[in-house]
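Dear colleague,

I am handing over the structure we spoke about, and you will find it directly below. After it I have set out what was found, arranged by topic.

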Amino acid sequence: MKYLSEFRDGEIARRIAGEIHRITTRPWAIMEVCGGQTHSIIRNGTDQLLPREVELIHGPGCPVCVTPLEVIDKALAIAARPGVIFCSFGDMLRVPGSEKDLFRVKSEGGDVRVVYSPLDAVNLARANPSKQVVFFGIGFETTAPANAMSVHVAKREGLKNFSILVSHVLVPPAIEAIMTSPANRVQAFLAAGHVCSVMGYWQYLPLARRFRVPIVVTGFEPLDIFEGIRRAVQQLENGEASVDNAYTRVVTLEGNQPAQKILAEVFEPTDRAWRGIGVIPQSGWKLNAAYSGFDAEVRFAVSAIGARESSLCHSGEVLQGAMKPNQCPAFGNECTPRKPLGATMVSSEGACAAYYNYGRFAETVEGNG
Amino acid sequence: MADPPDFNNWTCPLALRDYPNIVIGHGGGGKLSAELVEHLFLPAFRNEALENLGDSAVLHLPPGRLAFSTDSFVVRPLFFPGGSIGDLAVNGTVNDLAMSGATPLYLSAGFILEEGFPMASLAGVVEGMARAAQAAGVRIVTGDTKVVERGHGDGCYINTSGFGILPGHVRIGPAMAQPGDVVLVSGTVGDHGMAIMSVREGLEFDTLIESDCAPLHTMVRAILDATPRVHVLRDPTRGGVASSLNEIAAKSNAGIVIDERNLPVTPAVQAACDLLGLDPVYVANEGKLLAIVAPEAADAALAAMQAHPLGRNAAILGEVTAQRPGMLLARTPIGGTRVIPMQIGEQLPRIC
């Protein structure tokens, strides 16, 4: 694909990796915030080309992983109702709630459908006036504009049978939570390129100043990630701490203004629970008063549903970089990709699933010398 | 063949025209069933064994060992870019037979139809089967039709079973890969799965990707004529190249390492996969094969594949190793290594 294959060039990748080796003089811990970046790193073996001193910590930026258990349970309760068409992005279907997942609800008769866009769910609502169509609106700032747009369109058209179960989360408050955690080990961040394409990177300037932490806006292809790491290491080695944009082909300081406008019209900030981490103040979006009529939580009266996470699951510490997945006592025992305790073992970009698959390989490599 | 064919153009529709849709009686064994056979199945599949209309087909077999296989087809939508459930039902079983080194000869066809299924669509499916059978040189010699009540099926399900003959000396199987063997693929991967995905309800996207649905037994014949040292043949259908190679690694208790730079993927399939967050190694194929051959046979096998019309993009994908038995690894384009695990279920589109 034009404009993508250029950023997968092995020779240039090795050249940038060589440059990272050259400038690295001591250990550094860098967190890639976004699950898409984690996926790319695992998919390409990017970390294997880095110097031993550079440690990548997989951050809490996988929307599948951080959506709280009780929100999953609410989704399951709504999806099981007769007369409901429940629409979701594909990889949410296997995320375990307290007792089951959406696949199970589907097998028990729930009408659960995978869509690529919330606007497809709006189309379904138009085409099925006798059904209640609910979209599972999760994710970071990246997925939020389309979700906001779906509600906006539904309101404009007076669609009475469309609603959205919102559990949006935001990157800057998560970075703040990580940096103020006593167990924090993160010394620099690769900021999520697609989040910044929507929001710009002006929000990160005060964070870099306040915590004296380098933040590099980074893309997703192998060369993007090497370049992000190179710039982060360079700053760390020089004792600098600024926001640097290594994804200029997509991201500007101000971001996407029309997208931000629709977000401001539909959503307002709220405290939000993150799976495994807990409540982070003002770290999410919910529908504001003008759009609260489209809130599936209200429409289906599921607000009271609460859930307790497995005490065996340490995904919160993993997501904050305080624990490696294979240091978790449940890892590979009670918790495997086949029977995951937490979402970090479910998602292909979850840190635990990545470790599970890669770890098998690493162990046998050592075993074979 | 994205649109169901026009019933008016069907060759022998007169007796069926009273019923534009399947009714329960079409599976009842009475006059309606007989009309379906006489006016639809017989004209399409025409051959001597079928025309006897006995309870079983009686066949003459050439010498050799018998290969026997069965497969059921439930694809949705029934018609998709590059083929239909009818093409799949024939080629799927033909290819399963071919992967043991057999020459496919005869198929059975069992239909489970849903009450209300349009006769025109059934005609289109049957037409596809007839065309595919002719192209593959196999005969559909026995069949059955059942009708289930509306709401209890999804239009049309097909089961085909088939057998073929293979020479006594051929020994091919998924447990026979050995360290040092070379892994070849017969062409671009992911075409069928992405063609289906592009027309699946709710996920439609504009693309020119067509299913690669095709019979592979003549390519198998060409490979076996070029070299006897073929250890494993596999058509990587559901779960794609990744699942087939994982199965082979597990059954052979050997490791397999592929080089992703050598994996043939069309730009359109790669772009669609990137867009949807899918990995082409897990996407289904219906007209490709994986061959695992002794190292000294690799060049001959590759040349035979590339000389075949369906194998022009054939490539050497990797090798079998003694290390890491049971695992599939890939060397990535940037020089890293990754594990390609067996999928738990279906590959799910990623959120972002």
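This is a predicted model: local features need pLDDT of at least 70, side-chain atom pairs count only at pLDDT 80 or more; totals for chains, interfaces and linings use all residues.

Helix pairs in chain A

The two helices in question are α6, which covers residues 118-127 of chain A, and α7, which covers residues 144-156 of chain A, and they pack at an angle of about 25 degrees with their axes 8 Å apart. Because angles under 35 degrees count as roughly parallel, α6(A) is described as roughly parallel to α7(A). On the α6(A) side the contact is formed by Pro118(A), Leu119(A), Ala121(A), Val122(A) and Ala125(A), and these meet Ala146(A), Asn147(A), Met149(A), Ser150(A), Val153(A) and Ala154(A) in α7(A). By class, the residues of this contact of α6(A) with α7(A) are nine nonpolar and two polar, with no charged residue among them.

A second pair is made by helix α8 (residues 171-180) of chain A and helix α10 (residues 204-211) of chain A, whose axes lie 10 Å apart and which pack at an angle of about 5 degrees. That angle makes α8(A) roughly parallel to α10(A). Here Pro172(A), Ile175(A), Glu176(A) and Met179(A) of α8(A) meet Tyr204(A), Leu207(A) and Phe211(A) of α10(A), and the contact of α8(A) with α10(A) divides into six nonpolar residues, no polar residues and one charged residue.

Sheets in chain A

One open sheet has six strands with mixed pairing, and its order is β4-β3-β5-β6-β11-β10 (chain A). Its edge strands are β4 (111-114) and β10 (267-274) of chain A, each of which pairs on one side only, and neighbouring strands of this sheet are turned against each other by 25 degrees on average, with direction ignored. Within it, strand β3 (residues 84-88) of chain A runs parallel to β4(A) and is joined to β4(A) by four bridges; Ile85(A) has Asp111(A) in β4(A) as its bridge partner.

Another open sheet, of five strands in the order β2-β1-β7-β8-β9 (chain A), has parallel pairing. Its edges are β2 (54-61) and β9 (243-245) of chain A, and each has a single partner strand, so one side of each is left without a neighbour in the sheet. The twist from one strand to the next averages 25 degrees. Strand β7 (residues 188-192) of chain A and strand β8 (residues 215-218) of chain A run parallel and are joined by four bridges, with Ala191(A) standing opposite Val217(A) in β8(A).

Domains in chain B

Chain B is divided into domain 1 (20-166) and domain 2 (182-339), and the centres of these two domains of chain B, taken over C-alpha atoms, are separated by 28 Å. Their contact takes 18 residues from domain 1 of chain B and 19 residues from domain 2 of chain B. On the side of domain 1 of chain B that touches domain 2 of chain B, the elements that give two or more residues are α3 (85-98), β4 (103-114) and α4 (119-136) of chain B, and the largest share, six residues, comes from α3(B). The residues of that side of domain 1 of chain B are 11 nonpolar, six polar and one charged.

With best regards

Note on methods:
Residues are numbered from 1 along each chain as its sequence is written. Chains are lettered from A and ligands numbered from 1 in the order in which they are written. Two strands pair if DSSP finds at least two bridges between them. Axes are lines fitted to C-alpha atoms, for helices over the stretch in contact, and angles run from 0 to 180 degrees between N-to-C directions. Angles under 35 degrees count as roughly parallel, over 145 as roughly antiparallel, 65 to 115 as roughly perpendicular and the rest as oblique. Two residues are in contact if their C-beta atoms, placed from the backbone, lie within 7 Å. Ala, Val, Leu, Ile, Met, Phe, Trp, Tyr, Cys and Pro count as nonpolar, Asp, Glu, Lys and Arg as charged, and the others, Gly among them, as polar. Domain bounds come from an automatic or database domain assignment.
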